[in-house]
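Subject: Structure handover

Hi,

Here is the structure I promised to pass on. Have it open while you read the rest.

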Amino acid sequence: MEGVTNLREMVLAQLRSRIVSGQAIPGTIYSVPALATEMGMSTTPVREALLELSRTGLVAPLRNRGFRVEAATPQDLENHFDVRIMLEAGALVTIARKGLTDTEPLIQLADAVAAAVKAGNVADYIETDRQFHEALVSRANNPLLTRMIMGLRADMRLYGINSAAGLERQRASVSEHYEMIELAATHQCEAISALITRHIDSWKPLLTAALQELPFDQGRRPIAV
């Protein structure tokens, strides 16, 4: 069972990366048997991963056909940004107010993000960035808040992340991670609130522009995968 769970998590990470980056465009249909064959595994972890994605709204089940990648709208993106900023700013201010300690694990995670950016590996950037932010916000010692924040982050459509502008934004985000650690450790509540707001909000024009360029008519002319 542990092996199946690990495979499910691997499939989940790969598919989420494809969807949120826009590699799997809206309307793409994933067939469980075809995807299992592509990934060289049984259908069970693939089906479980797709069911998990359906619970978050990234895909929708189609009777006897598979799962369709769902489209996001500019308003969906706007709502995600608004709520993420409110929650993450609140978490980081809480941490800064107490004063961040034991910073080395966070620095190592920030180093991993930097390495992914240097290598130009977008999938690794998405995963290491997720790990850094989860480790950081968890220092607020509020598991419910952490789950809410990470749920929002996991479902954020990162269309355009691998474009030239997206790669430039990734590079800019690297130094901001180290700055967050420093501000949290030195009790700078206002500064860290402004930083995380800028850190998140700087992606908005890039992602919105990329979203508007996607071929949403694919939702009416789906591609089976």
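Below are my notes on the sheet, the salt bridges and the pocket.

A word on the model before the details. It is a predicted one, with local features needing pLDDT of at least 70 and side-chain atom pairs counting only at pLDDT 80 or more, while totals for chains, interfaces and linings use all residues. Residues are numbered from 1 along each chain as its sequence is written, and side-chain values use heavy atoms, with hydrogens and water left out.

Let's start with the sheet. Helices (H or I, at least four residues) and strands (E, at least two) are DSSP runs, numbered from the N terminus. Three strands make an open sheet in the order 1-3-2, with antiparallel pairing; two strands count as paired if DSSP finds at least two bridges between them. Strand 1 and strand 2 are the edge strands, each pairing on one side only. Helix 3 (residues 43-56) packs on this sheet and touches strand 1, strand 2 and strand 3, where contact means heavy atoms within 4.5 Å. The direction of helix 3 makes about 115 degrees with that of strand 2; for such angles, axes are lines fitted to C-alpha atoms, for helices over the stretch in contact, and the range is 0 to 180 degrees between N-to-C directions.

Strand 1 (residues 29-30) is joined to strand 3 (residues 66-69) by two bridges. Tyr30 has Phe67 as its partner in strand 3, and Ile29 has Arg68. Strands 2 and 3 form a hairpin with three residues between them, and Asn64 in the turn has a positive phi of about 60 degrees.

The structure holds 13 of them. Arg68 pairs with Glu70, their closest N and O atoms being 2.8 Å apart. How accessible are these two? Arg68 is partly exposed at 24% relative accessibility, and Glu70 is partly exposed with a relative accessible area of 24%. The scale here is buried under 20% relative accessible area, exposed over 50% and partly exposed in between (1.4 Å probe, protein chains only).

Asp201 and Lys204 also meet in a salt bridge, at 3.4 Å from N to O. Asp201 is partly exposed at 31%, whereas Lys204 counts as buried at 19%. There is a network too: salt bridges with shared partners join Arg84, Glu88, Asp129 and Arg153.

Another salt bridge links Glu134 and Arg130, at 2.7 Å from N to O. Both residues sit in helix 6 (residues 122-137), four residues apart, about one turn of the helix. Glu134 is partly exposed at 31%, as is Arg130 at 29%.

That brings us to the largest pocket, with a volume of about 680 Å³. Its lining has 30 residues, and those closest to the centre are Arg16, Ile126, Glu127, Arg130 and Ala154. Which helix gives the most to the lining? Helix 6 does, with nine residues. Among the other helices that each supply at least two lining residues are helix 1 (2-21) and helix 4 (74-98).For the pocket, the search used a 1 Å grid over the protein atoms alone and a 1.4 Å probe; a pocket is an open set of points with protein on both sides within 12 Å along at least five of seven lines, and lining residues have an atom within 4 Å of a point. Grid points are joined across faces, edges and corners, and the volume is the space filled by probe spheres set on the points.

Cheers

Technical notes. A salt bridge is a side-chain nitrogen of Lys or Arg within 4 Å of a carboxyl oxygen of Asp or Glu.
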